[in-house]
Every structure is written in structure tokens, then in C-alpha cells.
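Please read these notes with the model open beside them. They run from the whole chain down to single residues.

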Amino acid sequence: MTSVASIWQSITLRNLNLYQWRGGSLLYRISGSLRSWRQGSWLMEWGELIGVLLVATVFGLAPFVNTALIGVLLIACGGFWVLLTLSDEPSQVAFTPIHLLVLLYWGIATIATSLSPVKQAAFTGWVRLTLYLVLFFLMARVLRSPRLRSLFIGFYLHITLIVGVYGMRQWFFGTKALATWVDPTSAQANITRIYSYLGNPNLLAGYLIPAVGLSLGAILAWRGLMPKLLAITMALVNSVCLVLTFSRGGWLGFVGLLFTFAVLLLYWISQYFPPFWQKWAVPIGVGGLAALLVLAIVVVPPVRDRVATIFAGRGDSSNNFRINVWAAVIEMIRDRPILGIGPGNNAFNQVYPLYMRPRYSALSAYSVILEVIVETGFVGLTAFLWLLIVTFNQGWLQLKRLREWGDPDGFWLIAAIATLAGMLAHGLFDTVLYRPQVNTLWWLMVALIASYYLPNNQGVNSDSSSN
């Protein structure tokens with residue numbers, strides 16, 4: 001057992017001493033080179049707040065503007081992160097095991113771009129990926145402050161409330177829908193699928209999964225009756241709106257989110273339970289949620305009909321479309337299994353037509369796992385899965401620490417971990433994760449987990465609560 005534990009600790013980089021590594025790092029020596037300038041700058045005294053405001057601008061405008069403007073905002077965030085890093089004190093330079101795996105994945109994507117059969121298109125995707133990762137670096141840096149973290153999450157949740165309310169309006173008053181959103185031969189042909197400002201039900205579902213997770217966290221983290229009532233309203237609006245998208249992938253993500261959130265919450269509060277409930281609270285809670293899910297499927301006809309299409313195979317037009325796309329994508333993977341074709345939908349759009357079945361054009365692989373393999377090969381998939389393992393493990397370690405301290409900030413961490421699980425469940429059968437409105441939220445969740453990291457040299461090991 002000791003050897004297995006040691007191997008797991010090595011895989012998860014649990015005992016990696018990053019401070020020893022960064023002492024000999026050229027990049028670390030470059031960081032902080034503008035410290036003297038910052039000390040005399042009135043503006044940079046508010047560096048963390050300015051960083052949060054830039055990030056808030058991205059998430060505040062993302063549901064309502066085109067992707068080009070989001071790109072410009074990401075460039076601004078990247079520039080400010082460079083400035084902030086160069087002017088930071090050494091103690092403020094944040095680097096975690098999660099950062100290390102993010103850089104590894106970026107490096108593999110860079111190599112895949114250089115070897116791509118469509119280099120120009122892949123370079124465009126590489127630039128976008130780089131902007132997302134720089135946004136992650138900035139968020140992981142500025143959201144370490146509990147106060148700024150809470151303020152930013154509150155702002156984001158108010159934006160999602162606007163999106164959700166408009167989606168509910170579409171449900172009550174009707175809205176124009178594309179025929180391709182529902183199989184015209186099914187019982188769901190005339191149903192209203194809301195999409196709010198996002199323009200697509202599946203995209204709206206992907207956008208709302210983090211909103212549900214963080215609003216559930218807000219119910220527990222915010223203090224006072226009125227803030228809690230507001231959080232409950234946000235959670236209800238976002239949840240109902242997500243269900244009314246009738247996105248099957250979104251529903252899977254919603255279920256994954258709720259189950260993960262419930263398990264972690266029961267773990268958090270189980271320390272106050274009698275011995276019997278400490279042992280059985282999680283199994284009983286999960287069983288109760290499963291029973292409620294089954295009841296909803298059985299009792300609510302639209303939900304029952306929509307869920308039934310998941311198992312219809314090629315009998316459902318949407319299923320049939322995805323199966324044909326996946327078959328073509330697998331052929332693409334067979335031809336370039338090691339490093340793929342390079343990142344981005346532009347590269348995919350240039351290569352996929354060579355493999356596509358007639359009449360089954362697609363903009364993506366309709367599966368995050370397949371998309372990662374297509375773009376960066378099995379080498380990239382290994383790095384991506386390693387990143388997920390390290391991220392979830394770091395989240396678990398920090399959650400144990402916060403639970404031991406009784407720190408209510410742990411509720412945001414529960415929300416971030418559960419949201420990642422939900423987004424992954426959604427991404428198994430869709431690739432809305434690659435849209436800017438959702439991709440930025442993915443990296444926000446990863447950054448929130450990274451922002452809780454405590455290095456070994458601060459006297460509190462990230463796994464101290466387990467000792």
C-alpha cells in the first residue's frame with residue numbers, strides 16, 4: 001500500500017517542491033524585474049483589483065458580444081498578467097502543480113502546431129489556446145484574495161441571472177428555433193428550447209452549468225438572509241433555465257454537477273454527524289438524488305421523452321449525426337495518432353472534409369476527449385488527463401484543509417470541483433467547451449482551484465489536514 005500511495009503522490013505531484021524548482025528557473029528570475037517601478041506607481045498599488053476588473057469585463061460581456069471582442073479582452077488580460085508578473089514581489093509569484101501541467105499541455109499543443117498538416121489554421125487555434133491559458137494565469141493570481149474572489153463570483157452570478165431571466169422569458173413567450181435543434185420526427189419536435197443571449201440551447205446549457213454550481217455555493221457561502229435569498233433565486237433560475245434548454249448533454253452535466261456537489265457537501269458537514277451518519281450520509285444522500293432523478297424521468301413526460309432519445313441510437317437524428325461524425329473523427333485519429341492535426345476549429349474544418357460522410361459536415365468532434373486526441377494526439381490526451389487528475393487532487397487536498405479549519409471559503413471550492421465534473425460530463429457528447437463563452441468558464445474553475453494552493457514552504461502543506 002505504501003508503494004501505491006507513493007506512486008499516486010508522484011502522479012499527482014503532491015509532494016513536488018516548486019519553490020526549489022523556481023529558485024533555479026530563468027522565468028522566475030525574470031519575474032519581479034519591474035518591482036522597483038511598481039513601488040513608485042500609484043496605479044499598480046491596485047494591481048490585483050485591476051486584474052479582477054479586467055477578468056470581470058471578460059465574463060460580464062461574454063454572453064452578449066461576438067467572439068472577436070472577447071479575443072481583444074483576452075489580449076488585454078494577457079498583457080496585464082505579464083505586467084503584474086514582472087512587477088510582483090517574489091512571494092506573490094504564483095506557481096502550482098496545476099500551472100505545471102497547463103504549461104505541459106500548452107507545450108504539446110505548440111509541437112502539434114509546428115507539425116500540423118495545416119499549420120496556418122493550427123496556429124490560429126494555438127493563439128486562441130494561449131490566450132485562454134494566459135487568462136487562467138491571471139485569474140489564478142488575482143483570485144487568491146478571498147475578498148476579491150467573492151466579489152468576482154458575485155458579479156459573475158448577477159450576469160448569469162440576467163442571462164437566465166431572458167431565457168425564462170423565451171420559454172413563457174416563445175422564441176424562434178432552428179429545426180436542427182430537435183429531431184422533426186420525434187415527439188419533441190414542437191417543444192421550445194431556450195437559448196437566451198447565447199444563440200444555441202446546447203451552448204446555453206454549457207454556460208449555465210458553472211452558474212448553477214457557483215450559485216449553489218453562494219447559498220452556503222453568503223451570509224445574511226437577503227444574500228442567501230438572492231443566491232437561492234439565482235440557483236433556481238439557472239437550474240430551471242438549464243433544464244429548459246432540453247440539451248441532453250447539458251442534462252448529463254447538470255446531474256454530474258449535482259451529484260458531485262452533494263457528495264462533497266455531505267463530506268464537508270459529516271464531521272458534525274453522529275458516527276452512524278458519518279458512515280452512511282454520503283451513500284444515502286447519493287441514493288436519494290438518484291431516486292429523485294428517476295422519479296423526474298418517470299413523472300415528467302417531456303423529460304422522459306428527451307431522455308429516451310439518448311438510447312434511441314441511430315433512430316434519433318441527432319444521435320445519428322454524432323455517430324457519423326465520430327466515425328470520421330476516429331479515422332482522422334488513426335492517420336495522426338501521436339500529435340494530431342494541431343489545435344483549434346480552423347484546423348479541424350480544413351482536415352475533417354477529407355474524412356466526412358456525405359451530408360454530415362461538422363465544426364468539431366462532438367466529444368471533448370475525441371477533440372483533444374484529434375488536435376494533440378494521444379500525447380496531448382495523456383497530458384490533458386494528467387492535468388485533470390492533478391487539478392481534482394489539488395482541489396480535494398485544499399478542501400480537506402479548509403474543512404479542518406471550518407473556512408466557509410471551502411464552499412466555493414466545492415462549487416468549482418463539482419462544476420468541472422459537470423462540464424466534463426457535458427463534454428463527453430458535445431464540444432461547446434471550445435466556445436469562448438464556455439472555455440473561459442472552464443479555465444475559471446481550474447483557476448479557482450489553483451488559487452487555494454498553499455506551497456510547502458509556508459508552513460502549511462496542502463495535504464496537512466490528512467496528517
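1. Burial and surface. Of the chain's 467 residues, 52% count as buried. Buried means under 20% relative accessible area, exposed over 50%, and partly exposed in between (1.4 Å probe, protein chains only). The chain exposes about 20,700 Å², and carbon and sulfur atoms supply 69% of that area. Accessible areas come from the Shrake-Rupley method with a 1.4 Å probe; for residues, only the protein chains shown count as cover.

2. Basis of the values. This is a predicted model: local features need pLDDT of at least 70, side-chain atom pairs count only at pLDDT 80 or more, and totals for chains, interfaces and linings use all residues. Residues are numbered from 1 along each chain as its sequence is written, and side-chain values use heavy atoms, with hydrogens and water left out.

3. Fold content. The chain has 19 helices and zero strands. Both are DSSP runs, numbered from the N terminus: helices are H or I with at least four residues, strands E with at least two. Among contacts with a separation of 6 or more, 78% are between residues 24 or more positions apart. Contact means heavy atoms within 4.5 Å.

4. Helix α7. This helix covers residues 97–114. The expected span is 1.5 Å times one less than the number of residues. T96 caps the N-terminal end, with a side-chain oxygen 3.2 Å from the backbone nitrogen of I98. Buried residues in α7 include I98, L101, V102, Y105, I108, A109 and A112. An α-helix has 3.6 residues a turn, so residues three or four places apart point the same way.

5. Salt bridge D409–R149. A search of the whole structure finds four salt bridges. The criterion is a side-chain nitrogen of Lys or Arg within 4 Å of a carboxyl oxygen of Asp or Glu. D409 and R149 meet at 2.3 Å, N to O. D409 lies in the loop between α17 (368–405) and α18 (410–427), and R149 in helix α9 (residues 146–173), so the pair ties together parts that are 260 residues apart in sequence. Both residues are buried.

6. Salt bridge D430–R322. Here the N to O distance is 3.6 Å. D430 is in the loop between α18 and α19 (436–450), R322 is in helix α15 (residues 317–335), and the two are 108 residues apart. D430 counts as buried at 6% relative accessibility. R322 is also buried, at 12%.

7. Salt bridge R357–E331. The closest N and O atoms are 3.2 Å apart. R357 lies in the loop between α16 (345–351) and α17, and E331 in helix α15, so parts 26 residues apart in sequence are tied together. R357 is partly exposed at 24% relative accessible area. E331 is partly exposed at 30%.

8. Helix α11. L225, M226, L229, I232 and L236 make a nonpolar surface patch of about 520 Å². Patches are made of residues with over 30% relative accessible area and no salt bridge; like charges are joined within 9 Å, nonpolar side chains (Val, Leu, Ile, Met, Phe, Trp, Tyr) within 5 Å. M226 lies in α11 (residues 225–244) and counts as exposed at 60% relative accessibility. Leaving aside neighbours within four places in sequence, S239 is in contact with V212 and F254.

9. Residue S247. It is found in the loop between α11 and α12 (248–269). Its relative accessibility is 0%, so S247 counts as buried. A polar contact of 3.0 Å joins the side chains of S247 and N202. Such a contact is a pair of N or O atoms within 3.5 Å; within protein, one must be able to donate a hydrogen and the other to accept it, and residues adjacent in sequence count only if both atoms are side-chain atoms. Beyond neighbours within four places in sequence, the contacts of S247 are R193, P201, N202, A205 and H426.

10. Most residues other than glycine have a negative phi. Which value does S196 have? Its phi is positive, about 50°. S196 is in the loop between α9 and α10 (201–221) and is buried, with a relative accessible area of 4%. R359 has a positive phi near 75°. R359 is in the loop between α16 and α17 and is exposed at 74%.
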